[in-house]
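Work through the exercises below with the sequence and the 3D view open, and try each task before reading its solution.

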Amino acid sequence: MAEWARNYCVTVCKLYLMTRTGGKMDALAFEKLDLLLGNHAPFLISLSDGLQEELHIVIAAAEVGAEGGNIPDFEEVNEATREVLQEILADTQPIEINERRLFEICFHDYIIYQIRNESFSSFDPQEIRCGKYLITFEKSKLLSRLNEITDAQQLEDGSFYPDKWTHYGIYTQNHVIDVVSHCAPVISRYTK
């Protein structure tokens, strides 16, 4: 990455963090947050794309709820089916949103992002990745097609335009978000 671009990304990230945290630098690394999320995929709370190619993603950690908690009413099924379903679910524990553990992942500049319904996303054994729910890819289908679907290029001399990029994956309970960016994301605890 060119020195001026690296300095720009770092400066923007620091200013943003200081604004969000009242002057305190409270950033998390992408890989560290992946470890903090635990054994269950997080929930996507919101995603917004600003006017200046700034992508804000808010996720919530998941937590295991109380046994027999959050059982739906099943009003649309007959009484016998309702009783059977409620009996089956009485011994289960739901995976719920932990509203005390919200995180914002901000990409201050990106090349491309996409969101997929996780039900229509499959694991590709050819991809090389690191992480469980917050993933960085060394090799992916998206990276292999990047120069076909954007103006981002790896030049013959090995350099990159606009700069060296990374493919980030954010795998939530219901969504798969892919972001390719030449600036690392800024991650902070999110407060409503």
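**Exercise 1.** How many bridges join strand β2 to strand β3, and do the two run parallel or antiparallel?

*Solution.* This is a predicted model, in which local features need pLDDT of at least 70 and side-chain atom pairs count only at pLDDT 80 or more, while totals for chains, interfaces and linings use all residues. Residues are numbered from 1 along each chain as its sequence is written, and side-chain values use heavy atoms, with hydrogens and water left out. Begin by finding β2 at residues 43-49 and β3 at residues 55-64, which are antiparallel and joined by 6 bridges. Strands are DSSP runs of E with at least two residues, numbered from the N terminus, and two of them pair if DSSP finds at least two bridges between them. Next, look across from F43, where A60 of β3 stands opposite. Finally, follow the hairpin through the 5 residues between β2 and β3, where E53 in the turn has a positive phi of about 55°.

**Exercise 2.** Over which residues does pLDDT stay under 50?

*Solution.* Recall that pLDDT is the predictor's confidence in each residue, from 0 to 100. The protein has a mean of 86, and 85% of its residues reach 70 or more. Now go to residues 4-25, over which pLDDT stays under 50. Where pLDDT is low, the predicted coordinates should not be read in detail.

Notes. Contact = heavy atoms within 4.5 Å. Helix = DSSP H or I, 4+ residues; strand = E, 2+ residues; numbered from the N terminus.
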